[in-house]
Amino acid sequence: MYKIVIDSCGELPEELKQDKRFSHVALTLDVDGVQITDDETFDQASFLKLVKESPNGPKSACPSPGAYLEEYKGEAEHVYVVTLSGELSGSYNSALCAAEMYHEEFDDGKQIHVFNSKSASIGETLIALYVQKLEKSGLTFEEVVQLTEDYIESMNTFFVLETLETFRKTGRLSRLKSFVANTLNIKPVMASTQTGYIYMLDQARGMKKALTKMIERMIEKTKDCENKIIAISHCNCPERAEFVKSLIEKVAHFKKIVILDMAGVSSMYANDGGIIIAV
């Protein structure tokens, strides 16, 4: 038996939410002292309203080691944990600490591996799906771990945001840059590095042009599309996600295209109208 634990920055399709082999560990969000748990009770609309009205940047707190530890318990002999980038959150270290705690408390031979996704959101989802595929194929725990680590190294994550206000409020972007971008309608095309940092890859004036640029850059970096799943997550903009899907279908044939609405942590950074793709 196996279990896949993913922190709440990663979105899960509805069928996986009902699958007992998958579980979410929630991060906590904070907007001006209002505490919001990023679980099934998360209300995206009210959260985005709070973020928009607040002059301060929203914050997030990673799950405690104890929260992860509870998910490691049970009958599963293999436990795989997927967290958002270790460069962006303490979730990865918290999950590692919980694994050490488990082995100190129990001597049952359970095998636990924590994957640093070096990504976020839908990137975590793809990793979880990949682990599931490998487990179903009957590979050993060690083989699943090694192949998944290789998969993570080959992954790329890209995103375009409607507004940079959250980045400005949290100090990740200067007020001047935010003002210029919003005033001139310049949309940066962002990506994650192989180590999990975020950087600006390109830019364009207007959302549609920026999304087109994002797809162009994605195609440049992606090989063997026919055998890959590409995933799109959106923050309260399903029509925009479908537009991105149509752009992708015009230039490449992927094995599957997955579209999901963002959970809490992803919504916090992407904000209303944001789009993330991972492949």
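**Cavity, pocket, strands and cores of the predicted model**

By class, the lining of the largest cavity has 2 nonpolar, 7 polar and 2 charged residues. Here Ala, Val, Leu, Ile, Met, Phe, Trp, Tyr, Cys and Pro count as nonpolar, Asp, Glu, Lys and Arg as charged, and the others, Gly among them, as polar. The model is predicted: local features need pLDDT of at least 70, side-chain atom pairs count only at pLDDT 80 or more, and totals for chains, interfaces and linings use all residues. Residues are numbered from 1 along each chain as its sequence is written, and side-chain values use heavy atoms, with hydrogens and water left out.

Rolling a probe the size of a water molecule over the atoms shows where empty space is left. The search used a 1 Å grid over the protein atoms alone. A cavity is a set of points where a 1.4 Å probe fits but cannot get out. A pocket is an open set with protein on both sides within 12 Å along at least five of seven lines. Lining residues have an atom within 4 Å of a point. Grid points are joined across faces, edges and corners, and a volume is the space filled by probe spheres set on the points. By this rule there is 1 cavity of 30 Å³ or more. The largest cavity has a volume of about 60 Å³. Its lining consists of Ser117, Lys118, Ser119, Ile152, Glu153, Met155, Asn156, Thr157, Ser192, Thr193 and Gln194.

Lys118, one of these lining residues, is found in the loop between β7 (111–116) and α5. Helices (H or I, at least four residues) and strands (E, at least two) are DSSP runs, numbered from the N terminus. Phi of Lys118 is near 55 degrees, a positive value in a residue other than glycine. Ser121 lies in the loop between β7 and α5 too. Ser121 also has a positive phi, of about 50 degrees, although it is not a glycine. Most residues other than glycine have a negative phi. Accessibility was computed with a 1.4 Å probe on protein chains only; buried means under 20% relative accessible area, exposed over 50%, and partly exposed in between. Lys118 counts as partly exposed because its relative accessibility is 22%. Ser121 is at 1%, so it counts as buried.

Thr157, another cavity-lining residue, belongs to strand β8 (residues 157–160). Both faces of β8 are covered. Thr157 and Phe159 are buried on one side, Phe158 and Val160 on the other. Two strands pair if DSSP finds at least two bridges between them. β8 runs antiparallel to strand β13 (residues 275–278), and 4 bridges join them. Thr157 has Ala278 of β13 as its bridge partner. β8 also pairs with strand β9 (residues 186–192), in the antiparallel sense over 3 bridges. There, Phe158 stands opposite Ala191. Elsewhere, β11 and β12 pair in the parallel sense over 6 bridges. Ala231 has Val258 of β12 as its bridge partner. Strand β11 (residues 229–234) is mostly covered, with 5 of its 6 residues buried.

β12 (256–261) also takes part in the largest pocket. This pocket has a volume of about 570 Å³. Its lining holds 23 residues, of which Lys17, His24, Asp39, Glu40 and Ala263 lie nearest its centre. α1 (14–17), β2 (22–25) and β12 each supply at least two residues of the lining. The largest share, 4 residues, comes from β2. By class, the pocket lining has 10 nonpolar, 6 polar and 7 charged residues.

A nonpolar core is a set of buried Ala, Val, Leu, Ile, Met, Phe, Trp, Tyr and Cys residues joined through side-chain atoms within 4.5 Å. The largest has 47 residues, of which Ile4, Leu29, Phe47, Tyr80 and Phe115 touch the most other members. Its largest share, 8 residues, comes from helix α5 (residues 122–136). A second, separate core of 26 residues includes Leu201, Ile215, Ile257 and Ile277. Contact means heavy atoms within 4.5 Å. Not counting residues up to four places away in sequence, Tyr80 touches residues including Ile4, His113, Phe115, Val131 and Glu135.

Ala95 lies in helix α4 (residues 91–105). Its relative accessible area is 0%, so Ala95 is buried. Beyond four places in sequence, Ala95 touches Tyr68, Tyr72, Val81, Thr83 and Val114. Ala95 and Ala67 are 28 residues apart in sequence, with 8.8 Å between their C-alpha atoms. Gly74 lies in the loop between α3 (65–72) and β6 (78–83). Gly74 counts as exposed because its relative accessibility is 55%. Its C-alpha atom is separated by 9.2 Å from that of Lys3, 71 residues apart along the chain.
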